[in-house]
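User: I'm new to reading protein models and would like a close look at one part. Could you pick a spot and walk me through it slowly?

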Amino acid sequence: MTVMTTTLSIEASDLFCLYSVPGGATVAALRGMSLRIAAGERVVVHGPNGSGKTTLLRVLTGEISPSAGSVRVGGRELVGASRHAVTALRRDVLGQVDQHSGRTLRPELSVRDNVALQLLLSGRSRPEARRAADAALAALDLDALADRHPATLSAGEAQRVAVCAAIVHSPTVLLADEPTGELDLAAADAVYDLLASAAAHVGATLLLVSHDPRAARVADRVVRIRDGRLSEQWNPQAPDDESLVVDSRGWVRIPEPLRRTAGIGETLRVMPVIEQNRIERLHILGDGHAPPPTPTPPVLPAPAQILAHPALLAEGLRLTFGDRSLYGGLTVEVAPAALTVLRGRSGAGKSTLLRLLLGLVDPDEGRVVLAGVDLTGLDRLARARVRRDAVGVGLQLGSLAEPLDTWENLALARTSRGLAAEGVTLDAAVDALGLRAVADRPVRLLSGGERQRVTIARSLVVTRPVVVLDEPTSQQDEAHAELVTAVLVAAARAGTAVLCATHDDHLAAAADALVELA
């Protein structure tokens, strides 16, 4: 599919991005990436974890400069651009929507003032900025939220406000990075529809990075990135008419499922079919040696202690936020050696419930018993000791030590618990979660999905009897989401009480127990 216009909002040509890693090695995140997006076009970008999607976005925002190639955004060349030019690009040309609305919305500001903030930072007066914010909220049917604060919004509402904040200055290019990874289906669809209408409202080009195939509902074109190159593209109106992309040097990337089906191993033959003295088409012959199947995850070590039933118990929970009341006397039991999944619509209180169960928030009514210890009345230090001894935790935005690599982050988690920094436990977790190839890189260089798997590995290597994870597959492509699910099932079979909040139907289907929040 070729863009048939000379007016381009994004034009990336032959981009290479190289990262130096410890040991003197260099990693190529982009390897000849070329992408042209027409003004006003809506493009969804898919790709497996580590394929280069995040690096591409960082190049388009001017956060990093490519090692080779050229890139123009909104008519502005970014290679060699000054810091002032990059700042002007972000201020005038770009609108950005992050996966986590908490990175965009300031909790101390109202929705109106959050939306106005971009204009205030650009030098507009407060009254003018607030009028523009009100107009943008009304245009996107969000004016009823204007006087609310982010803490009172559901996840879906917060993400829609973040979209509004991203377009209030009328950007020409709107970039969205996994904006629905932590939302239920209905809330995700609402955000997709709002992104499309918001882009149309200001006449912006939309580039949406997502693992969700449903994101295609708002796209004019869908492209897939593999190994740092554009590999496939298709029209969402004809999803079965997928085309492989041939770059300027003639390179083409054959997807692994197609390689398996066609029996293509290390070599193939391309035979021209000649009719009437000209090549009409090419016939591809595989060598009959398909790639080896993906190995099954290794068995994970058992936790240092397997708790009696229940491993975690909450009784009669109630919590009030302003005029909202959550849980209504909810009782939850988490069994040892089992995978328990917590589900519910965005805004139902799943993340808050996990924090209640960990003793990070106090309920207005009810009690929590964690690993046999009633948290009622315990001070912060005593609760922290219970978590240290009993729980491996991976919450949203879980912090990793950025300068350290995967091995060092896992070793740090163990030494902080008084455990040996090396051993089969680290190897098992790294291999099970498919991190071996990137384990020597500083985590700041990893993709979002890779970082999320490091966070999961960190919760497992401390071998605690309870593991609590919030949306552990939200940044995973389909294959890695299945891998994470298999690892969590294996951890439960080894004796760990695993509790996950998720919107992932595949993970929920693998659960031993489901807790549904209204």
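**A loop residue, and then some surroundings**

Analyst: Let's start with Ser447, which sits in the loop that links helix H11 (424–432) to helix H12 (448–461). Keep in mind that this is a predicted model. Is Ser447 buried or exposed? Its relative accessible area is 12%, and the cut-off for buried is under 20%, so Ser447 counts as buried. And what does Ser447 touch, once you skip its neighbours within four places in sequence? The contacts are Asn49 and Gly50.

Now compare that with Glu77, found in strand S5 (residues 76–77). Glu77 has a relative accessible area of 30%, so this residue is partly exposed. Leaving out residues up to four places away in sequence, Glu77 is in contact with Ser70, Val71 and Arg72. Its side chain has a polar atom 3.3 Å from the backbone nitrogen of Val71, and the side chain of Glu77 also reaches the backbone nitrogen of Val79, at 3.1 Å. As for Gly62, 15 residues away along the chain, its C-alpha atom is 9.9 Å from that of Glu77.

Last, have a look at a pair of helices. The axes of H5 (residues 155–167) and H6 (residues 185–202) come within 10 Å and cross at roughly 15°. An angle under 35 degrees counts as roughly parallel, so that is the label for H5 and H6. Their crossing is right-handed. On the H5 side, the residues that meet H6 include Val163 and Ile167, and among their partners in H6 are Leu194 and Ala198. Sorted by class, this contact between H5 and H6 has nine nonpolar, two polar and one charged residues.

How values were computed
Residues numbered from 1 in each chain as written. Predicted model: local features only at pLDDT ≥ 70, side-chain atom pairs only at ≥ 80, totals over all residues. Heavy atoms only, no water. Helix = DSSP H or I, 4+ residues; strand = E, 2+ residues; numbered from the N terminus. Buried < 20%, exposed > 50% of the residue type's maximum accessible area, 1.4 Å probe, protein only. Contact = heavy atoms within 4.5 Å. Axes fitted to C-alpha atoms, helices over the stretch in contact; angles between N-to-C directions. Parallel < 35°, antiparallel > 145°, perpendicular 65-115°, else oblique. Left-handed = near helix turned anticlockwise from the far one by under 90°. Nonpolar A, V, L, I, M, F, W, Y, C, P; charged D, E, K, R; others polar. Polar contact = N/O pair within 3.5 Å; in protein donor to acceptor, adjacent residues only side chain to side chain.
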